[in-house]
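Thanks for coming, everyone. Let me put the structure on the screen before I say anything about it.

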Amino acid sequence: MTERRRPSVAVIGAGPAGLAAALAAAARGVHVLLVDSGREPGGQFYRQPAPGLGARSPRRLHHGWRAWERLRDGLAAQSAAGRLTHLVDHHVWFAGRESGGFAVRALLGAGQTESVTVRAGAVLLATGGYERVLPFPGWTLPGVVTAGGAQALLKGGLVLPGRRVVVAGTGPLLLPVATGLAAAGAEVAALVESAAPAAFLRQARTLAAEPAKLVEGAGYATRLLGRRIRPMFRHTVVAAHGERRQRLDSVTVAALDAAGRERPGTRRRLACDTLAVGHGMLPHTDLAETLGCRLTGHAVQADDEQRTTVPGVWAAGEATGIGGAGLALAEGHIAGCSLAARLRGAEPDPRAWAAADRARARLRRFFAALDEVYVPPAPRPESIPDDTVVCRCEEVTAGAVREAAGPLGAGDLRTVKLLTRAGMGWCQGRMCAPGVAAAAGCPPGPVRRPFARPVPLGVLADGDD
């Protein structure tokens, strides 16, 4: 196992929050090591096409391009000045405290068979979030992708996931995904949103306090209406279909009542070759939990300086609560200013980040209101037939989970996992936990994972501690 020189701070993640934090800290004299799994900076929001694709106008795939240019140019300048080292293709699997600081361990490259250790005096977690997808019959068919996955294919690979697409689920991500796919040449057959228009009206005053966001959303909606794509509000996908389960060819959607249940007699079938589905996002907290950081709900708890409950560890962006790129930039800047001062032994001056603080407060109120609007429908056992696969990695069906929870007496997710292997696959339960819990009839509950990603046994055997 190789070892790198100790920087002052290791920033994990090169999305909006990580980049903003790294640049703020580097500009204030802190040596920054930026550790990221991507080959290019930007994270999911600013995902860039591979250089070999020769994209002529990548900015057309993005919102907020000027902000990205400032981050990109700042990264280049700080790297050239020697104040920042950007480590690409570094997949962090563990972070822990050691004498004098922290050790961050990462697997290298596509093969991920070799690990390096990065030692730092402080750590900033900008690990982002991941999509929540609820199970339904047919959700494992080829052609069913997450909404963010469809966007990643378009931004990073310049390819469409299909020709005729249904975008479904709930959350603010659906609008830009549908708009981007349509602009790139896909036929968007429907935008299926489980939220109700009345929910927006109930939050109108709070939402109106952030006019730039409303203009952004209105722009997406106008472009969709210009293509005669009208959102199907208060609807959901109840099944995906494919002949002999070889490939998606259609989906069935249905209207929802006020309680989020399917309204009888409202089913209709839509022809498509791709379903891009997502039900919001959840924060990535594995590294934070390993370090011992306290969580509030699903998110890492952070104070006004973005400090976690563990001394020497800061967190910013989606890890502290889902709120989009603007909020991530504000939190990252505050975290970078704070840690730069404290690592020099000084008391931070909040006036140094006053503008970012105001933006953070506004955007947190805005996204708290959106959370009240975009409430994912609760997975109901009756909507998940026995033959529906609920754990994709291990191909565990809802029937097997029900057997574990019934005749075999499993009363929690851990026991269900031991009896069925549900949650033991590559995703370690991140994708399947809500569906498995719904089928078992037990609460999802917190899940503590010792590593943030699967690690080869050879790497563990070669460890020096």
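First, the ground rules. This is a predicted model, where local features need pLDDT of at least 70, side-chain atom pairs count only at pLDDT 80 or more, and totals for chains, interfaces and linings use all residues. Residues are numbered from 1 along each chain as its sequence is written, and side-chain values use heavy atoms, with hydrogens and water left out.

Start with helix α1, residues 16-27. Helices (H or I, at least four residues) and strands (E, at least two) are DSSP runs, numbered from the N terminus. How far apart are the end C-alpha atoms of α1? They are 16 Å apart. The expected span is 1.5 Å times one less than the number of residues. For the twelve residues of α1 that gives 16 Å, so the two agree.

Is α1 enclosed or open? Eleven of its twelve residues are buried, so α1 is largely enclosed by the rest of the structure. Buried means under 20% relative accessible area, exposed over 50%, partly exposed in between, with a 1.4 Å probe and protein chains only. Among the buried ones are P16, G18, L19 and L23. What covers them? The cover includes β2 (9-12), β3 (32-35), α2 (65-80), β4 (84-87), β8 (122-125) and α9 (324-343). After α1 comes G29, with a positive phi near 90 degrees.

Now the core. A nonpolar core is a set of buried Ala, Val, Leu, Ile, Met, Phe, Trp, Tyr and Cys residues joined through side-chain atoms within 4.5 Å. The largest one has 29 residues, and V32, L34 and L124 have the most contacts inside it. Two or more residues each come from β2, α1, β3, α2, β8 and α9. The largest share, seven residues, is from α1. Look at L124. Contact here means heavy atoms within 4.5 Å. A second, separate core of 25 residues includes V92, V118, A319 and A452.

Last, strand β11, residues 164-170. Six of its seven residues are buried, so β11 is largely enclosed too. Two strands pair if DSSP finds at least two bridges between them. Six bridges join β11 to β12 (residues 187-193), running parallel. Six bridges also join β11 to β17 (residues 274-279), again parallel. V167 has bridge partners on both: L191 in β12 and A276 in β17.
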